[in-house]
Amino acid sequence: MLKLPQIYAENINRWLPELLWFALTTLKIALAAFVLAVLVGLAFALLRTSRFAVLRVLATAYIEIARGLPIVVLLYIVYFVPPQLFPGLNWQWFTGFTGAVVGLGLHGGAILAEVFRAGIEALHKGQREAAMSLGMTPTQSMAYIILPQATRIVLPPVANYAIGLLKDTSLCSLIGVNEIMNDAKSIAFADYQPMAVFVLVAAIYFVMSYPLSLAVRVLERRLNVSR
Amino acid sequence: MTPLLRIIDLHKSFGELVVLDGISLDVERGQKVSIIGPSGSGKTTLLRCINYLEKPTSGHIHIDGTLIGEKEVGGRFVHLSDRELAKERAGIGFVFQRFNLFPHLTALGNVTIAPQKVLGLSHDQAEARAREMLQKVGLGHKIDQYPERLSGGQQQRVAIARVLAMQPKLMLFDEATSALDPELIGEVLRVMRQLAEEGSTMVIVTHEIQFAGEVSDWVIFMDHGKIVEQGPPAQVLFDPQQPRTREFLKHIQDR
């Protein structure tokens, strides 16, 4: 018979600080990957709406491939393939953490590129025309007219992506990154307490992601009321 | 003296469809020209070609003696870069049928942004000018409102103020009242009439025949991409020579 309260009472002082410490790594990965994904996504969204066909094709190919792969496969490729391709180089700096950020960021970049593109295209072409007719260059119209409006449109889906990303960081345990999931596995099996540990980890993930969900809901309501 | 706007043998096709079929036209400084005609006659496309929102298939446009949208290099015409084109467009005001206000900016922001970013005025200068223009179109009390809180007529007046703040040499109106409820048309026409009286050069595509008669000093009737008839309003609107013009005017009056 499992007695969770008793198990927690005995072990929480040991488990919780450790898990929280590694939860910090989870947050760091998520944050860094998010920033990278936004940058990559913006770049590819602009390339996809470029007037040069070659750039559009390249961007589309990247987006389709990166979106089409399971994240784990992408993480393995990003982490294990470069050292094999260029064995002569020094790969000391290329830690699991770096590999995780790059892998998640590249994957997220493909997802966000599509979100951003949809946001840009959701705007009536009259907006661009109005900006141009006032003498704005395409760059100015993008900066002052299109992007500020597109931002409002894409905020909710971007926030949803961020929530998903936070949870996807758990996959980084598979390339050996010491984040919360990896640590939970070692505690759980060392102490023979998989249930207690994984329930605790689930609770920690929830506490991290739920405020984000709430924020998205508030955001969506705000954006609906006044533009 | 060269005319302010000179259009030379303008053609525009969308694929197989010929929309403009050889339009030539001069507009003098301070002149008010109305373009009327059935829908699909090419009048909106003509207007959009003047500031190169639409690239003509062939033909040339000069404003104040400057070639618009292209330049002559070694005897050949080449299209301008986006940057050069933007500079030319800054001097041509365009009022859209559907207003196209920027929904993320207030009325004041809508009118301030182009003078500031395009003309390089300081924020204070641009805003002072914007206030003045909004005052002029009768919206001094609405400057902090976002477009969605304004009626169609108010939005269109903000759009006119936005154009005025650029101090354009030429103003183009593309069916500026067609998207408005009947009771809101008057307030926009009033502003346009005021601009006409102040001596602005205006090219107006409109379905408001009576307004065209009162405000313009030249009326053009277009059909199938060609100018069918043109002249002073008294002639074109009240004593048309061409059967197509008579038919169109009769059709409009019967409505």
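Guide: Let's start with a rule: two strands count as paired if DSSP finds at least two bridges between them. Keep in mind that this model is predicted.

Visitor: What makes β1 and β4 of chain B a pair?

Guide: Strand β1 (residues 5–14) and strand β4 (residues 58–63) of chain B are joined by 5 bridges, in the antiparallel sense. At residue level, B:Arg6 sits opposite B:His62 in β4(B).

Visitor: Why are β2 and β5 of chain B said to stand at the edges?

Guide: The open sheet has 4 strands in the order β2-β1-β4-β5 (chain B), with antiparallel pairing. β2 (17–27) and β5 (66–67) of chain B each have a single partner strand, so one side of each has no neighbour in the sheet.

Visitor: How do you know that helix α1 of chain B packs on this sheet?

Guide: Helix α1 (residues 43–50) touches β1, β2 and β4 of chain B. A contact needs heavy atoms within 4.5 Å. The helix direction makes about 120° with that of β1(B).

Visitor: What pairing does the open sheet of 6 strands in chain B have?

Guide: The pairing is mixed, and the strand order is β8-β9-β10-β3-β11-β12 (chain B). Its edge strands, β8 (92–95) and β12 (226–231) of chain B, each pair on one side only. Direction ignored, neighbouring strands of this sheet are turned by 15° against each other on average.

Visitor: What makes β8 and β9 of chain B partners?

Guide: β8(B) and strand β9 (residues 170–174) of chain B share 4 bridges in the parallel sense. The rule asks for at least two, so they qualify as a pair. B:Ile92 has B:Leu170 in β9(B) as its bridge partner. Helix α5 (residues 152–164) of chain B packs on the sheet, touching β8 and β9 of chain B, and its direction makes about 175° with that of β8(B). Helix α6 (residues 182–197) of chain B packs there too, touching β3 (32–36), β9 and β10 (202–205) of chain B.

Visitor: Turning to chain A, how many helices and strands are there?

Guide: Chain A has 8 helices and 0 strands, and its pattern along the sequence reads α-α-α-α-α-α-α-α.

Visitor: What share of chain A counts as buried?

Guide: Of its 227 residues, 43% do. The accessible surface of chain A comes to about 12,100 Å², with 69% belonging to carbon and sulfur atoms.

How values were computed:
Residues numbered from 1 in each chain as written. Chains lettered and ligands numbered in written order. Predicted model: local features only at pLDDT ≥ 70, side-chain atom pairs only at ≥ 80, totals over all residues. Heavy atoms only, no water. Buried < 20%, exposed > 50% of the residue type's maximum accessible area, 1.4 Å probe, protein only. Areas by Shrake-Rupley, 256 points an atom, 1.4 Å probe, with all protein chains shown as cover. Axes fitted to C-alpha atoms, helices over the stretch in contact; angles between N-to-C directions.
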